[in-house]
Amino acid sequence: MGSIRECRCCQEIPEMESLTVSTGVGCITDHPGFRSVCLDHYVLETCYHWYNQQYGRAIQDANERYRYVAYSMLVRWVWKWLGRDIRVTLPACAVARIREQFPSADGLYVGYRDPE
């Protein structure tokens with residue numbers, strides 16, 4: 001991870017801890033819902049089309065597009081809705097798993113950014 005802020009375990013986040021405890025897994029990436037919500041490229045492609053229609057932000061590279069949407073879907077799944085310009089730091093385990101599934105061609109990633 002690019003900063004200390006991003007080196008966070010899912011078990012340090014109460015909303016994620018409750019999801020893992022309720023299903024008996026030790027990590028959010030082992031939760032049965034994680035694969036469907038964050039790693040299924042058919043689901044992510046469908047969500048991306050909705051996002052692009054709403055906001056008009058086209059992302060050409062497929063893996064970049066899937067990563068962006070996967071992070072958004074993780075937030076939607078766990079926190080439901082945060083509101084405009086409200087951001088949370090995602091756990092390193094989830095970010096690493098999404099990056100593993102949808103790697104950057106050049107190995108460079110943006111990481112967490114505060115709202116502009």
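1. Contact here means heavy atoms within 4.5 Å. On that basis, residues 24 or more positions apart account for 63% of the chain's contacts with a separation of 6 or more. This is a predicted model, where local features need pLDDT of at least 70, side-chain atom pairs count only at pLDDT 80 or more, and totals for chains, interfaces and linings use all residues. Residues are numbered from 1 along each chain as its sequence is written, and side-chain values use heavy atoms, with hydrogens and water left out.

2. Overall make-up. The chain has five helices and zero strands. Its pattern along the sequence reads α-α-α-α-α. Helices (H or I, at least four residues) and strands (E, at least two) are DSSP runs, numbered from the N terminus. Of the 116 residues, 36% count as buried. Buried means under 20% relative accessible area, with exposed over 50% and partly exposed in between (1.4 Å probe, protein chains only).

3. Helix H2. Which residues of H2 are buried? They are Gly33, Phe34, Val37, Cys38 and Leu39. Seen down the axis of H2, these buried residues fall within an arc of 165°, so they line one face of the helix. The arc is that of the directions from the helix axis to the C-beta atoms. The buried residues of H2 pack against H3, H4 and H5.

4. H2 against H4. The axes of H2 and H4 come within 8 Å and cross at roughly 135°. Axes are lines fitted to C-alpha atoms, for helices over the stretch in contact, and angles run from 0 to 180 degrees between N-to-C directions. H2 and H4 are therefore oblique to each other. Angles under 35 degrees count as roughly parallel, over 145 as roughly antiparallel, 65 to 115 as roughly perpendicular and the rest as oblique. Gly33, Phe34, Val37 and Cys38 of H2 meet Ala70, Met73, Leu74 and Trp77 of H4. By class, the residues of this contact are seven nonpolar, one polar and no charged. Ala, Val, Leu, Ile, Met, Phe, Trp, Tyr, Cys and Pro count as nonpolar, Asp, Glu, Lys and Arg as charged, and the others, Gly among them, as polar.

5. H3 against H4. Helix H3 (residues 41-55) packs with H4 at an angle of about 85°, their axes 9 Å apart. H3 and H4 are therefore roughly perpendicular to each other. From H3, the contact includes His41, Leu44 and Tyr48; from H4, it includes Tyr66, Val69 and Met73. The class count is nine nonpolar, one polar and two charged residues.

6. Helix H5. Ala92, Ala94, Val95, Ile98 and Arg99 are buried in H5. Down the axis of H5, the buried residues fall within an arc of 165°, so they too line one face of their helix. They pack against helix H2 (32-39) and helix H4 (62-79).

7. Phe102. This residue lies in the segment after helix H5 (92-101). At 4% relative accessibility, Phe102 counts as buried. Leaving aside neighbours within four places in sequence, Phe102 is in contact with Cys38, Leu39, His41, Leu44, Asn63, Tyr66 and Arg67. Phe102 and His41 are 61 residues apart in sequence, but 9.3 Å apart in space, C-alpha to C-alpha.

8. Thr20. A polar atom of the Thr20 side chain lies 2.9 Å from the backbone oxygen of Glu17. Not counting residues up to four places away in sequence, Thr20 touches Gln11, Val25, Cys27 and Ile28.

Conventions
Polar contact = N/O pair within 3.5 Å; in protein donor to acceptor, adjacent residues only side chain to side chain.
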